[in-house]
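Subject: Structure for you to look at

Hello,

Here is the structure I said I would pass on. My notes on it follow below.

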There are 2 protein chains.
Amino acid sequence: VLVTTITNLTYNEIQIGDSASYSRTVTEDTLVMFGAVCGDLNPVHFDEAFAQTTQFKQRIVHGMWSGSIISAALALTLPGPGSVYLGQHIKFTRPLFINDTLTIELTVKEKHEKLHRIVLNCVGKNQHGKVVLEGTAEVMAATEKLTLELATLPEIIIKR
Amino acid sequence: VLVTTITNLTYNEIQIGDSASYSRTVTEDTLVMFGAVCGDLNPVHFDEAFAQTTQFKQRIVHGMWSGSIISAALALTLPGPGSVYLGQHIKFTRPLFINDTLTIELTVKEKHEKLHRIVLNCVGKNQHGKVVLEGTAEVMAATEKLTLELATLPEIIIKR
């Protein structure tokens, strides 16, 4: 399903216990672009022969890729557009591997009138249902209802 | 300067107070790739006309791009290769804008024998010296000295 518009929940609409989820698969291309974006070209992410000598016996995905997926879950689903990211705690509990699918489950656990601050529990699971991360996000929710059109990205070509 | 090899500090070598820094500039291409990687195509990051109607009056960079730079700083500088990312806390204090340069400063504040766990303070500053984030990272440091060659990425072409 191609999502082209997103709508937020306003501070007043959000209830403690509200939840949402967002899934994303990490491909070979994802890894290359993430490496280009942050500069972490560690062979544990890119060199299969080297990775086989490590404790994980295969290449692992950059831990903070999962962080980017939490961030996208907040921006796209709950509270959605118009929210301002205040902070994030993440505990990484298991590695992700190439072609894994990460699902982030968000649940609202606190609402604070001051700054319209919302605290959400974040749990990340792989396609086998195993927890790969746990954490807490803090965002400032919007007070106005917003429906926005997502951007269309230019084409990205990775030459191999 | 093109860094092609990286060397770690082992758990035993690391001293409380040790510090390192890592800088990275966020370009238009960075933003496009970060959006492609996580799926957050919110117009506040990509649509200049929309962004001018927001409180920041211009497009802002995905907050978690800064998270990816903290992660790269840990993996490339302190402790460097062989460390395992256990957790991260980030508090975002100011937005970053296109073409800003983020410098992450890491300082070791705790060492724990169990898991060879190292706790580091993380401060992120923009090119004007303003603090844009603060946080704490937890990593498991390697016990063996490692010098590794960074991967070379395939060419990435963004068609505009």
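Two strands count as paired if DSSP finds at least two bridges between them; strands (E, at least two residues) and helices (H or I, at least four) are DSSP runs, numbered from the N terminus. This is a predicted model, in which local features need pLDDT of at least 70, side-chain atom pairs count only at pLDDT 80 or more, and totals for chains, interfaces and linings use all residues. Residues are numbered from 1 along each chain as written, chains are lettered from A and ligands numbered from 1 in the order written, and side-chain values use heavy atoms, without hydrogens or water.

E8(A) and strand E8 (residues 155-159) of chain B pair in the antiparallel sense over five bridges. In that pairing, Glu155(A) stands opposite Lys159(B) in E8(B).

The contact (heavy atoms within 4.5 Å) takes 51 residues from chain A and 51 residues from chain B. Between them the chains bury about 4500 Å², 69% of it on carbon and sulfur atoms; buried area is the accessible area (1.4 Å probe) that two parts lose on being put together, summed over both. Val37(A), Met64(A) and Leu153(A) supply 14% of the area that chain A buries against chain B, more than any other three residues.

Regards
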